[in-house]
Amino acid sequence: MLRLLHVDSSARPGRSGEQPHGSHTRRLSARFVRRWQALRPQDAVTYRDVGACPPKAVTGGWVHAAFTPPAQRAPWMQAALAESDTLVDELIDADLVVIGVPMYNFGMPSTLKAWIDNIVRVGRTFGFDRARAGEPYWPLLADQRKRAVLLGSRGDYGYGPGERLDANNHVEAGVMTPLRYIGIETFDCVAIEYDEFADERLHASIADAEVAVDALVERLAHEVAAQREAA
């Protein structure tokens, strides 16, 4: 059985195509998970909607608690890290992380950034030792073969690698950099563009993205099955 963590971060509560002004990323992530479950109904899915229920922002007290050895933490420190512990547990348990991440002002939503800040945890998802030779930091999830799928949406067009607005796109890199830091190295990305134009180009982009999501599900499910057979 594979364990999938589904994370949505759009501020829009509904899905495009189902509700007026619905979210394109919720549409894509729901499609991915629905088709995945159709192919692999035995797999477990955990859902986390950080757009509707944002994690608490990291504070000075949170940092103090996180860098205090667990055996030395006061009750208030344990309370400060309780939500983070839950989010980290969900991530550690997952084999595949599917994230709906719209572009807000060229970057990810603040709610997803709060989730990332809570799951990049010293002693849990990355190690730190000042006395360690070379780099004092190292990923703790590197040997778990996790992978992530980023399903995005953008108001304009041309944000892909080498395209006209590539330098302004801080979404995928902004998510992948911290996830690589903790040991997730394999990513797949699909995005809808032209949202602000709301014309036939948007409709074509949605159709292309859905085809890409379907193909991605088929490929990843096939790879998972092949890996399980070879194990």
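1. F67 is partly exposed, with a relative accessible area of 49% (partly exposed lies between buried, under 20%, and exposed, over 50%; 1.4 Å probe, protein chains only). This residue sits in the loop between α2 (60–66) and α3 (75–80); helices (H or I, at least four residues) and strands (E, at least two) are DSSP runs, numbered from the N terminus. Together with V58 and V63, F67 makes a nonpolar surface patch of about 230 Å². Patch residues have over 30% relative accessible area and no salt bridge, with nonpolar side chains (Val, Leu, Ile, Met, Phe, Trp, Tyr) joined within 5 Å and like charges within 9 Å; areas come from the Shrake-Rupley method with a 1.4 Å probe.

2. The model is predicted: local features need pLDDT of at least 70 and side-chain atom pairs count only at pLDDT 80 or more, whereas totals for chains, interfaces and linings use all residues. Residues are numbered from 1 along each chain as its sequence is written, and side-chain values use heavy atoms, leaving out hydrogens and water.

3. Strands β1 (residues 3–8) and β2 (residues 44–49) pair in the parallel sense over six bridges; pairing requires at least two DSSP bridges. L5 stands opposite T46 in β2. With helix α1 (residues 24–39), the strands β1 and β2 make a right-handed β-α-β unit, that is, with the strands pointing away from the viewer, the path from the first strand over the helix to the second runs clockwise.

4. There are 24 salt bridges, each a side-chain nitrogen of Lys or Arg within 4 Å of a carboxyl oxygen of Asp or Glu. In one of them, D214 bonds to R31 with the closest N and O atoms 2.9 Å apart. This pair links helix α7 (D214) to helix α1 (R31), 183 residues apart. Both D214 and R31 are buried.

5. E172 and R154 form a salt bridge at 2.8 Å, N to O. E172 lies in helix α6 and R154 in the loop between β6 (147–153) and α6, so the pair ties together parts 18 residues apart in sequence. E172 and R154 are both buried. Other buried residues of helix α6 (residues 172–182) include V175, M176 and L179. G183, which follows α6, has a positive phi near 120 degrees.

6. D156 and R164 also meet in a salt bridge (2.8 Å, N to O); R164 is partly exposed, at 49% relative accessible area. Salt bridges that share partners join R27, R31, R35, E210 and D214 into one network.
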